[in-house]
Amino acid sequence: MTDYVIKGARILDGDTADLSIQDGVVVEVGRVAGHGAEVIDADGLVALPGLVDLHTHLREPGREDAETVESGSRAAALGGYTAVCAMANTSPVADTAGVVEQVWRLGREAGLVDVRPVGAVTVGLGGEHLAELGAMADSAARVRMFSDDGFCVSDPRLMRRALEYVKAFDGVIAQHAEEPRLTATSQMHEGVTSARLGMPGWPAVAEEAIIARDVLLAEHVGARLHVCHVSTAGGVEILRWAKRRLAGGPGAVTAEVTPHHLSLTDELVEGYDPVYKVNPPLRTEADVAALRAALVEGVIDAVATDHAPHAVQDKECEWAYARPGMLGLETALSIVIGALLDELGWDGVAERMSRAPARIAGLADHGHDPAPGRPANLTLVDPDAEWTVDPAALASRSRNTPYAGMRLRGRVVATFLYGRPTVLDGKAAR
Ligand SMILES: [Zn+2]
């Protein structure tokens, strides 16, 4: 295995240093001579712990025309990620040890990012019968995060049982918070714009009611709840209350926000371009402001992409028939930097995009700042480089990015997974 010396990288907000990587591990940080190692000039680059995505749809098995484990892994590496949690809404659904092991194995074969399968909470995402959570936890994939994402576990009794079950192996239930009886037929955020367009709306209360209920359930059974893609100012208020309420007591709650909910609003729907159709929907400017403030404050713990590739025929069609979802892996870091670097600093970016998600997902090898003895899961970012998003140039098999043609700041120059480069000079190494 090749040894590497990364020369002169700035470590987060601190000083520059050299990093020596041997056998997949960071062995030295400081001034390193680097005899016999491959030297990477990192002058002007910032070294971050490899990013961790709590919410990725890789579409394999079942929709390999939209994405595969390999193409999604490559997109992730190019976005600076070293680990992704692969959501369970595949076909077949990842609700058995067999399917999660298949996804995990495909991830290992691709070798571009640590693929950690998320197990379904209920059989077939049907919301009626608990899936084999214990068998998935005991499988080779060692599943710790479970979610019916795409659907809400709306039955409170089932949600309670799931929370109780995963306590045995320090698992976490990641909830797609959407009370389905309040969003049936919805096409976009319920508000001024939906009224003007005459579109059925997805009201904020459908998210807020589920978050509040689940926080109380998590407290009641003393389990870990993670709230997926928070999108409303009201959801933020409930999480602020929840974190105070649960601090030091039984149960815990964490939450994520997507780059698109930090950067885009429902007014974009006015042109009826389905690239802006997503679930939960784009909200208002006031929601975006509340989400940004909550991420800086720490009420929202992490940024997660909700990377949702879709084939052209499923996305470039009439609004009502288009599938919800947007690509995210290759643009997330730039969106976060562009919106919030001044407030977060690089340390805050590392916390929200690497350390916190690694803790939530229970990934011991990820989310560590470069330090001797740590696995060399790292990314090098050029903070000043600008680039234009060209959908055709993305590594994802799909093209449904809402940022097409936009000029973004911050470019991933290199990513290392256990000491091997998956990205070099801004290009996929494999
Ligand atoms: Zn979701």
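At 40% relative accessibility, Arg-245 counts as partly exposed (partly exposed falls between buried, under 20% relative accessible area, and exposed, over 50%, with a 1.4 Å probe and protein chains only). Its partner in a salt bridge is Glu-219. The model is predicted: local features need pLDDT of at least 70, side-chain atom pairs count only at pLDDT 80 or more, and totals for chains, interfaces and linings use all residues. Residues are numbered from 1 along each chain as its sequence is written, and side-chain values use heavy atoms, with hydrogens and water left out.

**Salt bridges**

- The count comes to 21 salt bridges (a side-chain nitrogen of Lys or Arg within 4 Å of a carboxyl oxygen of Asp or Glu).
- Glu-219 and Arg-245 meet through their side chains at 2.8 Å, N to O.
- Glu-219 lies in helix α7 (residues 204-221) and Arg-245 in helix α8 (residues 233-246), so this pair ties together parts that are 26 residues apart in sequence.
- Helices (H or I, at least four residues) and strands (E, at least two) are DSSP runs, numbered from the N terminus.
- Glu-219 is partly exposed, at 22% relative accessibility.
- Asp-347 and Arg-355 form a salt bridge at 2.7 Å, N to O.
- Asp-347 is partly exposed, at 38%, whereas Arg-355 is buried, at 13%.
- Arg-359 bridges to Glu-351, with the closest N and O atoms 2.6 Å apart.
- Arg-359 is exposed, at 53%, while Glu-351 is buried, at 19%.
- Shared partners join Asp-347, Glu-351, Arg-355, Arg-359 and Asp-369 into one salt-bridge network.

**Aromatic rings**

- There are three aromatic pairs (rings of Phe, Tyr and Trp, using the six-membered ring of Trp, with centres within 6.5 Å; planes under 30 degrees apart count as stacked, over 60 as edge-to-face and the rest as tilted).
- Tyr-4 and Phe-416 pair edge-to-face, at 5.4 Å centre to centre and 70° between the planes.
- Tyr-4 sits in strand β1 (residues 4-11) and Phe-416 in strand β17 (residues 407-417), so the pair ties together parts that are 412 residues apart in sequence.
- Phe-146, Tyr-165 and Phe-169 make up one aromatic cluster.

**Charges over rings**

- Arg-283 lies over the face of Trp-202, at 4.4 Å from the ring centre (the rule asks for NZ of Lys or CZ of Arg within 6 Å of the ring centre and within 35 degrees of the ring normal).
- Arg-411 lies over the face of Trp-387, at 4.4 Å from the ring centre.

**Nonpolar cores**

- The largest nonpolar core has 81 residues (a core is a set of buried Ala, Val, Leu, Ile, Met, Phe, Trp, Tyr and Cys residues joined through side-chain atoms within 4.5 Å).
- Tyr-81, Phe-146, Leu-239, Ile-300, Trp-346 and Met-353 touch the most other members of this core.
- Helix α11 (residues 332-361) gives the most to the core, with twelve residues.
- Domain 1 (4-46 + 373-428) and domain 2 (49-361) both give residues to this core, so it lies between them; the domain bounds come from an automatic or database domain assignment.
- Leaving aside neighbours within four places in sequence, the contacts of Phe-146 include Val-118, Leu-133, Met-136, Phe-169 and Ile-173 (contact means heavy atoms within 4.5 Å).
- A second, separate core has 17 residues, among them Ala-17, Ile-21, Ala-47 and Leu-378.
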